[in-house]
Every structure is written in C-alpha cells, then in structure tokens.
Amino acid sequence: MKHRPGSQARWVPVEAESFYHLASVRLVDQPCQGTACFVARHRAPDWAGVEASSPRLYCVGCCYAAPATAACQVQPRVEVATSTPVVLERIASGVPATLAAYTAQRGYEAFEQAIAMDPARIVTEVERSGLRGRGGAGFATGRKWRTVRSQPGAGKYVVCNADEGDPGAYIDRIILERDPHCVLEGMMIAARAVGATRGYVYVRKEYPDAATSIRRAVDEARAQGILGAHDRGQNQSFDIEVVDGQGSYVCGEETALLNALEGHRPEVRARPPYPAERGLWACPTLVNNVETLANIAWIVRHGGDRYATLGHGTSRGTKVVSLNSLFHRPGLYEVEFGMSMREIVEELGGGLETGAVRGMLIGGPLAGILPPHLFDTRFGFDELHQVGAAVGHGGIVAFDEHTSILELAHHVFRFGAAESCGKCTPCRIGAPRIADFFAAALAGQPAGTGGEAEWRETVDTLAATSLCGHGSGLAEFAHSVLTYYPEQLSSCFA
Amino acid sequence: MLRVVVDGRELSVPPGLSILQAAAGQGIEIPTLCADARLAPSGACRLCVVDVEGEARPVAACTTPIRDGMVIETHSPTLEAHRRSLLRMLARPYPRDVVSRAPDEPFHRLLLAYGLADEPTGSAEPGKVDDPHPTIRVDLGRCISCWRCVRICDEVQGQFTWRVAGRGPTTRLMPDSVTTLAESSCVACGACVDTCPTGALEDRSVLAVGAPTRWTRTTCPYCGVGCELLVGTHDGRIAAVTPALDAPVNRGHLCVKGRAGHGFVAAPDRVTTPLVRERGSWTSVSWDSVINFVAGRLQDILERHGPGAVGVLGSARATNEDNYVLQKLARTVLGTNNVDCCARVCHAPSAVGLKHLFGTGAATSSFEDIEAARTILVWGTNTTENHPVVGARIKQAALRGTHLVVVDPRRIELAQYADVFLQPRPGTNVLLLNAMAYTVLDEGLLDEVFVATRVDGREEFQAFIQPFAPEAVSAACGVNAESIREAARLYATAKPAISFHGLGLTEHHQGTEGVMALANLALLTGNLGRPGAGVNPLRGQNNVQGAAHMGCEPAHLPGYAPLSDARTRVSAVWGSEIPEQPGLDAMEMLDAAEAGELKALWVVGWDLLLTQPNAQATRQALANLDVLVVQDLFLNETAREFGSVFLPAASAFEKDGTFMNSERRIQRVRKTLEAPGDAKPDWEIVARVAQALGRDDLFAYPDAEAIWEEIRRVWAPGAGITYERLEAPGGLQWPCPDTQHPGTRILHEQSFPGIGPVATLERVDPQPAVEVPSVEFPFVLVTGRGLYQFNAGTMTRRAATGEFHPGDRLAISERDAQRLDFAEAQPIRVRSRYGQALLPVEITDRVPAGIVFATFSDPRVSINQVTGTHRDPYTHTPEYKVTAVNLEAT
C-alpha cells in the first residue's frame, strides 16, 4: 500500500492518549490490580488504595507473587511436568537467553531444516501436529498457516501477539524474557512457510523486560545474519520489528492489535475477512501468540506426527499453565493436555495456602469460573468448553474464601467494561451496566430499575451480539456465575 | 447465483453481497444503525445480527458475506429480543423529548417500531452542543456511537475530521480540533449530517426553516461535476439539500456549495420585478412594458446600426433550453451570430484543443474512470475545492493506492496525496508537457500498438520534441528534471492513466495549445478510448459545457457544429435564415463596444464587470453601450453600474430543464420552488422578446421539454435523449444518437469523429511569456476560485457558504510576507500594469515565494482591476493565471 488509510489525517494526540491508558506512563512501582492480585488482596496492606490508584495497572504478570507491583523482580518457579517437554525445557534448566546459548542447544537448527524444506511441507507438518493456538481461541494453527500461504500476492506479514493481557497468565512473558530466540525461530519458520517478508512482535507495555529481551534477540539474530535483508538461498528475506503496546487489554485481540500496529485506534475489526486473508495493511497476515510460536521449532525438528502423540482428544501437545500466588507452589508448569484440573491444582500447585479453593478462573476473566465439583474435568479445549470454562491463555487463578463470587464478578466486569474498545453497543454499554449491577449489590443497594430481568437480558445480548470475544467472554463469565453460584447471584436481586 | 434460504424463503442472490444487502434486495429489511451503503460495513451497532445455521452465535448481517447454501433467520423472537435490548441500551441515556419531535430519524423510527419510544430518560445537555459551525449543529447528547460520521468523513470525503476518543464507556466523538467543529479541518461537505441516524448532526438550514415536507430531485447549480440533489422544501423555502444516493456522479455525496449554498434563492436582495433605469434610477415595471421596451430598443439599434451592433451572452448557469432559445433568438430574430457564453473565459481552449486533435471538444471519458485508472494526472485544477466531489473521489483513489501526479503552481490539497507533485512556474505548461512527451519517447515508454494504429505524425513529432529534454527545460519550468521524468513514467507505464485539467491549463495566452500538448501525451501513451484513461477538462460551471454546446458560440451552432457545415441543416429545422458570417465572441463584443461598434448587449447570468479581466477596459466598453440588458437573479455589478434594463430570472431551483456536466452528461433540472415575484425562466423571457419582435412562430414553446424536443432535432448525437429517459439516475451521456442507445461513457474507442481512426500529433512550440514579471512588477498574481466561493460570488455570497468566506484575500508565502513585512490580514495594494486593487493578505504555505493568489468574488476588491489584456490567440480566452504585480502595504 502506498498510503495507509488515514495516514493523511492530522495527528490528534488525544485520540491515542485517551484510548491507551499507559501511553505516557512510565512504569515504576505502581501497584497491580490484576485478578491474581485481587484474589490475594487480603495480603495487601491497602487494597482500597490500590483500586483507587491511577493509572490502573492490570496485571504485570507477577501473579505468582501477588499482590505485586510494577517493580516486582521475583522470578517464578518454572517446572516441566511432562515426560516430553516442548516449550519450557531450556528455561527450566536455566539456559541463558542469549543466541549463543540457544544455538548451543540446537537452536535455529529447525530453521535451517525449514529452509531446506518445501514451504508447503512445513505447513503440513504443523497441520499434522494438531497444534492449536495458545492465545485463547484455540484455532488450528496449521489451518491458519495454510490460509495465509494460499493467499495471492507478495506482501504478507507474520505478527507475534505478545500482548498477553489475560490477568493470571505470565507464560508468554517468561518465554519472551528467558527464551526469546525460540519465538523468533518460530516466526522465521512461519514466515518461510507462508511467504512473509516482514514480522512484528507486539509486546504489551506492562512487560518491559520481555520487550527488552526480544529486542536484544532480534538484534543478535540480525547481527548474525539470521534475520534481516539477507537472501538465504530461498529468495526471501525476513526481518522483525518489535512494537511496544501502550496499555490496552483489547489489543491482545488480533484485529485490534493489527489496528494498533497500523497506528489506528485499536478497535476490533469485524470478521470476515480474517487477518489470514486481509490483515495488516490489508495484506494476508499470520497472527500467532508467543507460546504457539514457541512450539514450532520442536515440531519441525521432531515432526508433526511426534507432536501429535502428546496430549488428549482434540488438544494435542503440551501446554504451559501458570498458577497464582495463593497456591502453595505458584509458578509455570508445562503439562500434557488431558491431565485433570485437580492434578494441576493439587499435585502441581499443592493446593491453596489459605484453605479450600472456592473456584478457579482459567485463561483469564473472559471465560467461566470452574467450581470445585468440576475439578476432575480434564485440561483440554473441548473438555473445559463443555463445562463453560476455557483453556484460554493457560493462566490459572484460584481463589479462596477471602473472595466472594459477587466481589470477583464485580472485579471482572469493572475490568471488562474499562477495557472494552467501545466499538460495539453491547460491550460499550452492556458491560458497564452489568458492572453497575454488581457494584450496587456489593453496596447493598437495588441493582437498577430493571432488576434480574434486565440483568439477564443484558448478559444474553452481550453473549449473543458482541463484536468480539471480549464481550462474549465477559458474558460467559456471567453465565457461569449464574450456573454455578446461583444463590450468590440471586442475593443481588433480593 | 447463490442459493440461500432466508426466513424460510428460498432465494437466489448474486455473489459478493453481504447478508444485509442480499436480504434488502429481496425486500427483507433487517434493522441497522451503523450501516450505510456508501460505507464499508463496520459491524458496530450489532442490531443486524441474524442466525445462520451452523454458526454458534448470531452473526452481523452487514459484515457477513453471503455463502451458497446459507440458511438464515432474520427475525426470530430471540433476535428481536436482542435488538430490543440493544436499542434499550442506546435509548436509556438519550434525551427524552427528541423522538417525538423528529420521528423520522432512523434511530427514532426503530425506537418507535420496537415500542421503546418512552425509554429515553435523559435530558438535553447544553454542554454537549457544539454551536459555532456555520452550517452544522452538533449535539453529542444525541450521539449513539454508530461512528457513521467518522467513517463517511474518512471513506467518502477523505477529510478525517471526526475522531473517536476514549474507550469503553467513555468512548466519544470529537472533531480533530478537539474543541469545536468550526475550528476543525471540516470542509462542511455535510456527509456526516447526511448519514447521522439521530440528528446529533443537523443542517442548520433545517433548524431555521423547518423539516422538509416535499423532496424534489434536481441537479446542482454550481460546478461542472453535476451532482444530483434532493431538495427538501418547507413552506416554499429550501430547508435542506441532500445527495441522491443513486446518482452515478456524486454517489450520495455533496460539497458545501451543493449542500449549503442554496440560500441565494431567498436572498433579500433578489430582484423580483423587471426594472428599467430612468434618469439614473431603477423603476419597477410590468413584464409587458419591459418586453416592449427591450424589443423596441433592439429594433431601433438593428434598424440604425444593423445586426452586427447587437450581441447576446448566454449563461453557464442557465439550462440547455435557456441557452438554446437565446442563441436561436440572436440568430433568427436579431440576425446575428454575435452570441457567446462564459465558456469563452474558461474552457473554450479545451473545446477547441480537443476538437482539433480528437474531433470532439469535450471530456473523452467519465468520472467513473477515476476508479478504473491506475494513475491520475491532475493538471491545473484545485479539484478538492473547485470540483469537490470529484476531488474527494480522486483522494479516495489515491488513498487506495492509485498513483497520483499533481501539477500546479500552488501546493493544493491533492499535492499531499501525490506520488509526484510538480510545481511549475505559471505559464510554463507547454514546456512541461513537451518535456513529459520527450521523456515518453526518450525512455521508450510510448504505446507502440496504439501509436501504430491510431496516431499519425510520430516521426515529425520525434524530431520536433528533441529540444525538450526535462534536463533542458527544468530551469525554465522551475521543476527538477527527474520529477518530470518520474511523472511521465507513471502516466506512461502505470496504465490506464486518466488526466483531469482545469483553468490552470486553459487560462493562459497559450491555453489551447496547452490542451493540445496534453492531448499529445494521451496519444503517445495510448491513454485514450479505454476505461480508466482519457483527457478530461473539469468544466467550471454546472452548464458551461451545455451553454456553448447549445450554440451560445459565435462560430458554432447547436451540437458545437461549425456554422459553415451546419447552417443550412439547422435553418431548415428552424424555418429561418441563419447569418453566414461567424459572430463576435464575448471578448470581441466588448472590444467592439469600446470601439463604439457594438451598441446593444444582452447578458444573461454573467457579471461581466466583476469577472472580465482588465476591468477598466470592461468598464469603458459597457459605458459605451446604448443598451445593456441584464438578465440575472440579482443586480450584479454589471447591472448596478451600467444596466439599462434588468430582467429578473428564475433560479435553477425554480424551473425545468437540463444541464450538461463535464462528462457530457445531460441531467434534469426540476422545478422545486415557485419563482419569487415576477421572476421567470430565462427561456420564457427570451421567447417573449422574440414574440414582441414578431417571431412568435419560432418561439411558441409551451414548456422546457418542447424546447428539448427541438434540440433533439438539430443535434443528432443528442437525438436519443428524451426527458422520459432522463428520469433515470444520472441521465444520459452523449453521444446518444437514438432512443435505444445507452449513452457513451468513453469517446474515441475506435475512431475520432470527423477525423477517422487516426489522430495526428500536434507539434506545439512553447511561446515566450507575454506577461513578464519585472523589477517593477516582481510577483505573479494567479486568480481562481475556492471551496466556499464560486466565481463572482453572486450565489455563494448570499448563502451559508458566505459565512466561511470573509471576502477575497491575497494568499502569499510566508517568505514573501516576511520579506515585505506583511502581517496576516493586513490590507495590501496590488498593482499591475493595468490597474490596482486593495485586499487583505493571507499568509499560507499553499503558494510558493514569488506567487500570490486571489479569488475574484468580492466587489469591494474587484481583483480584475489588476488582471491583464493577454489572450489565447485561438479562443481569445484571457490569461487570468499570469499577471505581473507589485505589492505594497497601505
């Protein structure tokens, strides 16, 4: 594209600054208000002060040390809990994040292999692996690659979504900080497979160390001639730019992220067309999240079939989960799909320090709560979906008796309403409306004039009509409250 | 065709549609608030969600393409409940009393339909009203965040004025000024008002006059783009003007002049009775008396001085029918070919130049070709201001990636969208065009096939063009050679390439040859006779193409048929003799008046005194006349100073007829209002004078359509155009020789009329400048018009547009202003070899150092006191674009 649409427009700083709440903020030691910090607020000396603080910092990815601040320097426990580690082995065994250390561990061998392969074959391997996107939606990665590959035209992009905004998840953060080359290698293989010449890594502002790490890795790779305008005998060069977010949860949504990269207001775009057909600057664009890309080199080296032997049902391979600070053993664990949630909670996490688990949020607040009686559910896309929950990002936030369902619901909707992009009606108006219901209930006041009927109508409409997963995810959360904690909910309308 | 089931009905629909479009095509209306056919779908309001079998959640009908085999449910009780819920969300904070006051707004209609009229409980918030804009009232209290205003401003006008700030519940609309719309980059096109579904954005005219009760479709009375309008009236006054959505020219868009420039029809100084000047002062008289008076005076002069002493000037703002009748009167009743129109002072060089090379003196293609082109060459036209709707289309094309080459001494708005922007010294067009032609030949970029089959004179041209290497002319043009080459390369290789030119090419002493040099370029590169190509003059006024084409031309009869060829044929149809000798053109008439040879002049809708160059000469000429009949809406400067008789004419909103736009398109003008007082359509006034002179037989027209029927008989390429056929959107483009003919979008696909399949390259030698800056007159003055100001300002000064244009200003570069120590708005005397004028300066980065620019609409300034005497030798078109001047503070 010669011109980007809107590029002729007069620059109005208010537009971006009023959308991104961290645009002009320097992160120092601001308190985090993420969900893991919220459920651990009884450990915070002044939680009311934290909630009143501005700018609101919503998850700095230190959920293992919650309540945390932007100054948190504690490193999480990182363990491999599978016989066949794919993602965490290097990090768990303390391999440094340098290019030299990475190549010493056979790093970039997969890329060399990929160069020798027919690009179509790479796509086939990824398809055969059964890998599904680790960023939340669980879309078949190989299918997405095939779609991008099949698009005509030369201008294609690979975008690494490193805007891991789901509170409770710090998986991508740790991968980027401690094993960045494996993400780059995944992107390079992806670019080779789909025919892209340029890549972007969009890192959220709340992860400054991750941004520094991936930038350093890009510089190293470029200096070594692995990245950049070099013809590696494939008539295709590939370079990567790292872009910093400015504070917006919704930018983790891929179309909003693309708008952010283009310098537009990061509203969600209607689909179709999907980014794979018409993405960045209207070109076919492969958007994958960090952990998804971190699986790619392994798949190329070991073959898709080998990867597919791991896992359970339609959820193949391994997945990294992150446990919050209320667990006895918080941290990152790489597990095979198919494990029960109870095993994760009790055997890996060692249960909660403060007593019984009242419920769990998996994969962020845009999915249902998993109540204790369903802890035997297997960890898998379909299995969790069937009980109204989701794999999501893999962030697990368990909460205890310190947190009532109403408090949690209010917290989630307050967050959800503030992070809505504002484009579609149900999310812009409906989400704050539901947050108001919960706020009123917590304050012991009647929840608006419409009562329960209006609450249900609003939730149903949000679920059915919101433009993207932000609204429908919030509605799923509300539905799970209705399903699993009906008595607490009805107290709102009493 | 795709087969789908919608609400249980099996339908077959063409591919490429959204569910919303497909359903609408079958008469199934799905509610929506954020959709507008002019815009890409956005899926924001979510009202249009429908169920599609196999989909887990409802999908938005506006953004979901139809697929074969889809089973769609559009109005299930659940969907309707969601719609009601969404509407309720939007309605709750909405001001309480608005729905009943304006039940027709789309949002209000939906609230009523869903039984939610009482749902709004908000109250008006004065703090959300943004009042200072002259034509648009903003009340953000009524904004429901559909963002149609934002999108239409981006996607149609390309102005990017409306922005969205905040997110989530604090998401809000704002102008790019962040303060008021009046202070923003808004160009008042009104597209946002047009699409707003609530009235949060409203036309001030509606607030002033009342909601329209009757709508009439007609054609815009301003520029040569020819936008189709819907005029809404209330109690006999224009309350609103909106674009026709199905008009091929404007596609649901308008500019500020079209939308807000209508106030002149009801201006307090509109003249509504005939006037005769007696002993220096005007007296109202009856039509009978004024007609007898005019007839008598003309008769007297004819008898005493012969027909050569009488001249008639038609109007580019009058209809084809008006102009046709006027020239017929000149030729048959007055017995003279002394008839002309203001094409003389604008695009006569285009007509002559294009006719000379291509056989037809009109645009060779159409606005539709903007979207088909890969490269657009814009030469000497400030399109976004003077043909704003076409300008917006070009801008959108450029935003989509179409190559754009802009050539203009001023840094016009389109320059910022251009791949190549050439800023030549005024008066060097031919040199620059020849250098581009040189590049095409030098770099082997010519279209060999086209040149071999359709072009003659290549070898001679090749030899002729040798001195014009870009490197050789670069210094003289003030443009670097590589940029010239780059422009030529784009035009020659990123094909098809289309050109649009304006008065920046024609209003020069070498205007006609400039057009020929541009036409050469099209021939060399094969950018002719196919979609996305062509050479297109952007005609200045709504019917300037038509006025000349109808025969207001001293050497041409209707159809731009040369007098010598067509005289016998046309006189047979008329049943009257036509004089053999070509008449005087407008410039020659004034010369003859000055010399005492022309005694009577009848001028329709043309303020000569304000718009002719070298106003001193114009003044002497007009003063010398025995009789000056002025026919207009207002006592213009010409009438005020020199008129002996004033005939009050009906405006274009008050009569029937047709206009012909820049792309040869005939469109209907329909009567929307009663003419005020005694004002009458031009043709009727003319016919009455003819009758008074004893030729009722030739002028017995019951209505405008009867005139058109006669035009069809004398103009073969228009014979297929009937009023009945003109009911279709966009009317018809000539040639349209028979009633089955679909009209012609692109000329010269196979051959050149009257020439054959092969056109000949014209070797155009650049002439030395005739108006040369000197030590005494170091600046070059360029005159033209602007966005809010149309020509003499007769109309725009008397409408809301006038509020945007405080009067003529002298645009000057910052460098020159600094050097001369001029402050913004300081009054400056501009002096030339011909005269002087006084006007405030406007310091701008639009003009380069050494050049100053002014509009010519302000009688207090009368910038044409300063412009000079030079004329194009072929057409006598004045060189308005180059006058050497000096500037001094007063």
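Start by selecting strands β27 (residues 627–632) and β28 of chain B: the two run parallel and are joined by four bridges. Keep in mind that this is a predicted model. Within that pairing, pick B:Val629 and look across to its bridge partner in β28(B), B:Val645.

Now stay on β28(B) and bring in strand β14 (residues 275–278) of chain B. This pairing is antiparallel, over two bridges. B:Val645 turns up here too, as the bridge partner of B:Val276.

Next, show the side chains of β28(B), residues 645–648. Side chains in a regular strand alternate between the two faces of the sheet.

Time for some helices. Select α15 (residues 429–442) and α18 (residues 470–477) of chain B, whose axes come within 9 Å and cross at roughly 160 degrees. That angle is over 145 degrees, so α15(B) is roughly antiparallel to α18(B). The crossing is left-handed. Colour them by type and you get eight nonpolar, one polar and no charged.

Last stop: the meeting of the chains. Here 36 residues of chain B are in contact with 37 of chain A. α2(B) gives the most, with five. The chain B side divides into 18 nonpolar, 12 polar and six charged residues.

Definitions and conventions:
Residues numbered from 1 in each chain as written. Chains lettered and ligands numbered in written order. Predicted model: local features only at pLDDT ≥ 70, side-chain atom pairs only at ≥ 80, totals over all residues. Axes fitted to C-alpha atoms, helices over the stretch in contact; angles between N-to-C directions. Parallel < 35°, antiparallel > 145°, perpendicular 65-115°, else oblique. Left-handed = near helix turned anticlockwise from the far one by under 90°. Nonpolar A, V, L, I, M, F, W, Y, C, P; charged D, E, K, R; others polar. Contact = placed C-beta atoms within 7 Å. Buried ≥ 20, exposed ≤ 12 C-beta atoms within 10 Å, placed from the backbone. Pairing = 2+ DSSP bridges.
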